[in-house]
Amino acid sequence: MPLEGELTAVASKGLGLALPPGKRVSLLQLSGPGKGDLIPVPKARIVLGREGGNADAQLKDPEISRAHAAFECYGPRMLVRDLGSRNGTFVKERQVETAPLEDHGEFRIGSTILMVLLTDAD
């Protein structure tokens with residue numbers, strides 16, 4: 001999987017978990033029970049999960065596991081990582097364990113499609 005090599009290269013350059021410099025990161029719910037909701041990403045790693053769990057961002061989708069996936073930022077690089085969920089994490093209709101994402105990139109957990117949004121920080 002090429003992403004693993006990319007992450008190794010990022011780690012070897014000293015790029016650890018960090019929000020993109022000068023940017024605000026959010027996830028927009030494009031479908032599912034919370035359609036239209038905007039999830040702020042206040043730190044470099046957040047766990048996405050079903051409402052009622054201990055996830056950083058709790059979604060109202062019953063098809064999502066309590067700790068379904070992690071959204072991580074390594075400076076300008078962003079990725080989604082499945083956390084052993086029951087129904088999987090998908091990018092471009094392909095089930096993934098870990099996959100890179102870009103601004104306006106989309107991924108699906110349960111019946112919820114999320115889009116990454118980067119905006120300039122104030």
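Modeller: Five strands form an open sheet in the order 4-3-5-6-9, and their pairing is mixed. Strands here are DSSP runs (E, at least two residues) numbered from the N terminus, and two of them pair if DSSP finds at least two bridges between them. Strand 4 (57–59) and strand 9 (98–101) are the edges; each has a single partner strand, so one side of each lacks a neighbour in the sheet. From one strand to the next the twist averages 20°, taken between N-to-C directions of lines fitted to C-alpha atoms, on a scale from 0 to 180 degrees.

This is a predicted model, in which local features need pLDDT of at least 70 and side-chain atom pairs pLDDT 80 or more, while totals for chains, interfaces and linings use all residues. Residues are numbered from 1 along each chain as its sequence is written, and side-chain values use heavy atoms, without hydrogens or water.

Arginine 81 lies opposite threonine 98 of strand 9.

The loop between strand 4 and strand 5 (69–74) holds histidine 68. Histidine 68 counts as buried because its relative accessibility is 0%, the limit being under 20% relative accessible area with a 1.4 Å probe, protein chains only. Its side chain makes a polar contact with the side chain of serine 85 at 3.2 Å (N or O atoms within 3.5 Å, one able to donate a hydrogen and the other to accept it; residues adjacent in sequence count only if both atoms are side-chain atoms). The side chain of histidine 68 also reaches the backbone oxygen of glycine 88, at 2.8 Å.

How values were computed. Helices (H or I, at least four residues) and strands (E, at least two) are DSSP runs, numbered from the N terminus. Buried means under 20% relative accessible area, exposed over 50%, partly exposed in between (1.4 Å probe, protein chains only).
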